[in-house]
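Hi,

Here is the structure I promised you.

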Amino acid sequence: MEKTNVAVIRVRAFLTVFLKEVKENLRDRRTLVSAFLTGPLLGPLILVMMLNLTLNREFDKAEKPLPVPVIGAERAPNLLAALKANGIDPKPPIANPELAVRRQDADVVLRISPDYATAWGKGEPVQVELIYDSSQRDANTAVERLSRLVESYAHEQGAMRLVARGLSPSTAWPVVAARRDQATAQARAALVFSILPYFFVLTVFMGGMYLAIDLTAGERERQSLEPLFANPVPRWKILAGKLAAICTFSAASLLISLCAFAVVGRFIPTEKLGMELDLGLRFGGQVLLLMLPLIVLLAALQSMVAAFAKSYREAQTYLSLLMFVPVLPSILLASMPIKSQGWMYAVPLLGQHLGIMQLLRGDGVEPSQLGLCLAGSLVAAAVAVLATARLYQSERLAISG
């Protein structure tokens, strides 16, 4: 009976701290906006709008008539006719094509050599120039489209010349490279949406950041932490209640974000580019499972960092710097494309990134990979919680100023 009462008292102390912190921060507009609006709702909407604009622009340049200024069009009427038949809209020549592409007045300019007709009549190689600026990302699709059409025309004319001489067109191409692309529609979409793993981590971070600051540095600045520590309650119970409140806000933020992506993801025109994106219930549930230990880890790290600050503003500065940590796996994998190894799933943040990317590709996460991801993050979370609990034992934590 006595053991039961002790357990009830412990649970009651934990719930008291947890409910107190949740109720107080539900009145804080800054915490509510950060946890439930800015990251989880506004972020997906902005991301989807940007992707819609980008994908639609790429689709337009790949499918709709492409305006291309042509210098020397009269020298190659057959080439111009072939380009027109494939969606190229020749425009009048411009005086300074190099300056035009740098200023983005044109994506690409086609210049036909003055000796084109003479060389063509002699059966010699002829030259056409594609003038463009590779630093202009919007121009790449137009350049690739025009380049493929010119090369296709060149191969066709070369084959006709061989036939006219009684030779097989295959003589010019003794080796043919046949491409067998194994990428699925979902795998191609994963390349476009590779930012999602970092976005989910950032949503969790932002969801609990202001709460973590307020529950430690904020209370310390308001001098309400010292009376709380004066209660006959072990410090670890107080910390457990605060961490539970932070994790609740972070998890809620992630859930809202996953629901928002499930809704707005339907409006992304991935099918125009032969891609497939599934951000539905199954995807959201698996992401949530992968992120659960990371929610605890980030909550503990935020509380630990905030505990070193003596004021709300100082803690905000520290945590703003800590915010760059979640982007490290994304930068690493983007700058150094490496084949994923089993042990990588045990590394917090990196394991979540790899797991979410596999979900986006439609490959799924294997049980062994999931186990490593959860185990590695849980161990790191336990270490962070113990370190924060040790920090909470210090009497200096309650002293402000």
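This is a predicted model: local features need pLDDT of at least 70, side-chain atom pairs count only at pLDDT 80 or more; totals for chains, interfaces and linings use all residues.

Lysine 84 is exposed, because its relative accessible area is 53%, and the cut-off for exposed is over 50%. You'll find lysine 84 in helix 3, which covers residues 77-85. Proline 65 sits 19 residues away from lysine 84 in sequence, and the two C-alpha atoms are 8.8 Å apart in space.

Next, helix 10. This one runs over residues 235-264, so to speak a stretch of 30 residues. From the first C-alpha to the last, helix 10 reaches 43 Å, close to the 44 Å expected at 1.5 Å a residue. Helix 10 is also mostly covered, with 21 of its 30 residues buried.

Then there's the pair formed by helix 11 (residues 281-307) and helix 12 (residues 312-322). Their axes come within 9 Å and cross at roughly 140 degrees. Angles over 145 degrees would count as roughly antiparallel, and helix 11 and helix 12 are therefore oblique to each other. The crossing of helix 11 past helix 12 is right-handed.

If you want to click through that contact, on the helix 11 side pick Leu301, Gln302, Val305 and Ala306. Across from them, helix 12 brings Ala315, Tyr318, Leu319 and Leu322. Sorted by class, the contact between helix 11 and helix 12 has seven nonpolar residues, one polar and no charged ones.

Cheers

Conventions: Residues are numbered from 1 along each chain as its sequence is written. Side-chain values use heavy atoms; hydrogens and water are left out. Axes are lines fitted to C-alpha atoms, for helices over the stretch in contact, and angles run from 0 to 180 degrees between N-to-C directions. Helices (H or I, at least four residues) and strands (E, at least two) are DSSP runs, numbered from the N terminus. Angles under 35 degrees count as roughly parallel, over 145 as roughly antiparallel, 65 to 115 as roughly perpendicular and the rest as oblique. A crossing is left-handed if the near helix is turned anticlockwise from the far one by less than a right angle, and right-handed if clockwise. Contact means heavy atoms within 4.5 Å. Ala, Val, Leu, Ile, Met, Phe, Trp, Tyr, Cys and Pro count as nonpolar, Asp, Glu, Lys and Arg as charged, and the others, Gly among them, as polar. The expected span of a helix is 1.5 Å times one less than its number of residues. Buried means under 20% relative accessible area, exposed over 50%, partly exposed in between (1.4 Å probe, protein chains only).
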